[in-house]
Amino acid sequence: MGEEESRGGRMSYTRRILNAFRFTCRSFPTNCRRFCTSQSVMASRHTHAKRIEGLDKNVWVAFTSLAADPSIVNLGQGFPDIPPPSYVKDALAKAASVDRMNQYTRGFGHPSLVKALSQVYGKVYSRQVDPLKEILVTVGGYGSLFSTIQGLVDEGDEVIIVEPFFDCYVPMVRMAGAKPVLIPLRPKPGKKTVSSADWYLDPDELSAKFSSKTKAIIINTPNNPIGKVFTRGELQMIADLCIKHDTLCFSDEVYEWLVYKGHQHVKIATLPGMWDRTITIGSAGKTFSVTGWKLGWSIGPEHLIKHLQTVMQNTLYTCPTPLQEAVAQGLLLNYKLMGQPDCYFSSLAEELEGKRDHLAAILQEAGMSPVVPEGGYFMLVDVTPLNQDLSHMGDDEAYDYKFVKWMIKEKKLAAIPVTAFVGEESKEQFEKYIRLCFIKEDSTLEAAGDILKNWRKV
Amino acid sequence: MGIIRILAPYLTLLRPNLVQNHQLIMARRLYASRTIGVDKNVWVEFTQLAADYKAVNLGQGFPDFSPPQFVQDAFCKAVSGGPQMHQYTRAFGHPRLVKSLAKFFSRVVGHEIDPFEDVLVTVGAYQALFCAFQALIDDGDEVIIVEPFFDCYQPMVLMAGGTAVYVPLRPKGGSSVLSSGDWVLSAEELTSKITPRTKAIIINTPNNPLGKVYKVEELQMIADLCIKHDLLCFSDEVYEWLTYDGAKHVKIASLPGMWERTITVGSAGKTFSATGWKVGWAISSGKLIKHMKIIHQNSVYHCATAAQEAVSHGFDREYELFGTPESYFQQLPAMLHQKRQKLASCLRSVGLQPVMPEGGYFMITDISSVNVDLNDESTKNESYDFRFVKWLIKEKGLATIPVSAFFSPEHSKEFDKYIRFCFVKEDSTLEAAEEILRKWSQKE
């Protein structure tokens, strides 16, 4: 990351020279033509804006195409290969058959959707959530993160990000001209990491990360990729620091419903003093297993949401109508079932718990060390016990990147390297872990199991 | 601005009654400075007003009829398709769609378009514009905006740290201005606005709100300047299929020397009368698209899969039927041509002077001959057309959009006697509008 920053510095120096060159050329066209080729003038003209410098790399772009071959068992990218509930698909087909539903709707969120969100979350938060002023519908949880960061983070601000982090947090913060300040979750001393609960945030270490420039902290609970579900106590510790240092909190809770037995999802916005300074992000894609619908939402106080709305109206203006209508129907249906076993919010978690345990067992049998997640649909696994020699792959990448690439090619099994989710300094701590996604058909998990059982066979 | 920021914490201490009744959140400013000055939005304001008064809505630009059956069927088919239709697709554009777009537009532009390098699918043309500005406009860059302009261009330039420089289309002097073709860009005026800091020019053809369809020689004039001064060109062509009276839509990217410096923006919403699907695209040289991809992958990343699948089928059908009477790209303008005539004669019959658009969805009308008492105190400080439009919504139940919303602050005063009508509406809607106008003119 430091490397990229210095590249950025060199780039702007070059640009300054080219700009000066260009100006002279304009003033003295005939002389300069001998000195500057049209190529260099054009090159300076077509340079990209500074804000994208160093942001071109992206783990998904790299690994999605590698894993796209249908012969590869794909436990990499986080999307279900199980079908979404039929009533959401039916709702979408129904919505698209209504003329008005194929045209623009309200920019900040389709009325029936924001009302449904207000009902569901009003119940969850135990407070009135104003559908028009305290909710913004966005293009996925991703779009909510973007609107939040663009709306509230300025050049020169610092934003604390807990590692491992969903990889877009860092480039989004940098694109806003702000500085990511990273703090890793650390394994509890002495303990072997067998559960996501074995990772914790050191309060003193976290406290030291706050400065007068800190604008916000981004947390993700349940966490991707570890699967940690932050406890009330841990969230209170973070909240205390937010209040003490008067910072905002961006809470990415897209996996909020996927919490397994013995654990409870706690919304940091419900802790005292936090509603007014927190944006909470949710996702229809993760809630209803329809990642390809790309709908999400930001919930928070009006004085924050209004700035996200400003970003929305200047970026894409409105989200697709029929999809929003269908999600509204899905939410209303499940709102009535909340607390009951056939509510999708709980039935999906139950289904996934079985898959979680199944995958963990498969991995253990194969001699690997899984980290059983408390929530979410990913599992980290320590590949150290496999002792895979990858020295033939060179030295320029972290071990997990090499391992995953090798595994895709040689074993036809795709995962995601965990160092994609951490900064430079934490790479060593995480480079023996890979991330597996288990929201997959049992047959997919079985196929993965077969590959792992036969690992030693060449 | 800096001084106010420093003083802000002290100001709030001095005036505790301004603190919200829950605890004071952040003595320093909450919002990012890029959101300053871009918070007002004409659509948010007028859409709400039209809804509040249940007005006959010829304001916001969307059809009140349905998309054609074949795309609706394609959408239904996608929805009931395999599980992958509901999960993430390729981030920069669903493979089937980028291939359809590349195939279709290669033939139109006369240039081989690479589906994976030269095309970016976005959430509506709106997001394509956003990616273009964010990827290519930097602090201090100047962007020339031809007026009247679709209102989002200006805040997008601002949010990218750029400076907007305006050049108006002006009605040709002398003859009465009856057609959008009578509004022209002065080459001298345009040249005079170019400085060493000019990075790009943005044009919209067919133009919203005027309906002007730039002729090839007009585009050539712009292209010559782009090449001479090495500018980028953002060409918003969302209404590309909607031209009337034989006017021909020309793609500036197809002119010599322009492919590598032009970003052409298109819209499935406008193409297939499905504005609510929010599928758009940018087509350009891979060298420019690659920068836009970075913005895209750090803002929304993916677009919805099923809608892209449906649009892809729409384009494949149109590729086969291109130029034939069954093509939707023939049928839609033919249908709208008739509605355009209908609205124009209705406006003339009540003494208004419409400017016949050569293309697009909209018609602007000169309202200077209308005598009304705009005595609404609440709109006292607004421009004439804003006041007129609000009065028309409240008093007559007819919604339109004030045209000065599409002009820069420096030129809006010259153009505050025009209002914009959208005619992409069912005949019943147009008839209801006609009824309102007729009753009104009869009273006078």
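1. Extent of the interface. In this predicted model, 80 residues of chain B are in contact with 87 residues of chain A. The area buried between chain B and chain A is about 7200 Å², and carbon and sulfur atoms give 53% of that area. On the side of chain B, Gln87(B), Tyr88(B) and Asn298(B) lose the most area to chain A, together 10% of what that side buries.

2. Polar and charged pairs. Between chain B and chain A there are 42 residue pairs in polar contact, both residues being at pLDDT 80 or more. The count of salt bridges between chain B and chain A is two. In one salt bridge, the side chain of Asp138(B) meets that of Lys50(A), at 3.8 Å from N to O.

3. Contributing elements of chain B. Several elements of chain B give two or more residues to the side that touches chain A, among them helix 2 (42–52), helix 3 (69–79), strand 7 (198–204) and helix 10 (286–297). Helix 5 of chain B gives the most to this side, with seven residues. By class, the side of chain B that touches chain A has 41 nonpolar, 26 polar and 13 charged residues.

4. Where in chain A is Arg51(A) found? Arg51(A) is in the loop between helix 3 (38–45) and helix 4 (59–66) of chain A. With a relative accessible area of 15%, Arg51(A) counts as buried, because the cut-off for buried is under 20%. Leaving aside residues up to four places away in sequence, Arg51(A) touches Met175(A) and several residues of chain B, including Phe133(B), Met159(B), Gly161(B) and Ile295(B).

5. The side chain of Arg51(A) reaches the backbone oxygen of Gln134(B) at 2.7 Å.

6. Cysteines. How many disulfides does a search of the whole structure find? The search finds zero disulfides over all chains. The closest cysteine sulfur to that of Cys249(A) is in Cys242(A), 4.8 Å away, and so too far for a bond. Cys249(A) is also buried, at 0% relative accessibility. Cys319(A) is likewise in no disulfide, and the nearest cysteine sulfur, that of Cys303(B), is 11 Å away. Cys319(A) counts as buried, at 1% relative accessibility.

Note on methods: Residues are numbered from 1 along each chain as its sequence is written. Chains are lettered from A and ligands numbered from 1 in the order in which they are written. This is a predicted model: local features need pLDDT of at least 70, side-chain atom pairs count only at pLDDT 80 or more; totals for chains, interfaces and linings use all residues. Side-chain values use heavy atoms; hydrogens and water are left out. Contact means heavy atoms within 4.5 Å. Buried area is the accessible area (1.4 Å probe) that two parts lose on being put together, summed over both. A salt bridge is a side-chain nitrogen of Lys or Arg within 4 Å of a carboxyl oxygen of Asp or Glu. A polar contact is a pair of N or O atoms within 3.5 Å; within protein, one must be able to donate a hydrogen and the other to accept it, and residues adjacent in sequence count only if both atoms are side-chain atoms. Helices (H or I, at least four residues) and strands (E, at least two) are DSSP runs, numbered from the N terminus. Ala, Val, Leu, Ile, Met, Phe, Trp, Tyr, Cys and Pro count as nonpolar, Asp, Glu, Lys and Arg as charged, and the others, Gly among them, as polar. A disulfide is a pair of cysteine sulfur atoms within 2.5 Å. Buried means under 20% relative accessible area, exposed over 50%, partly exposed in between (1.4 Å probe, protein chains only).
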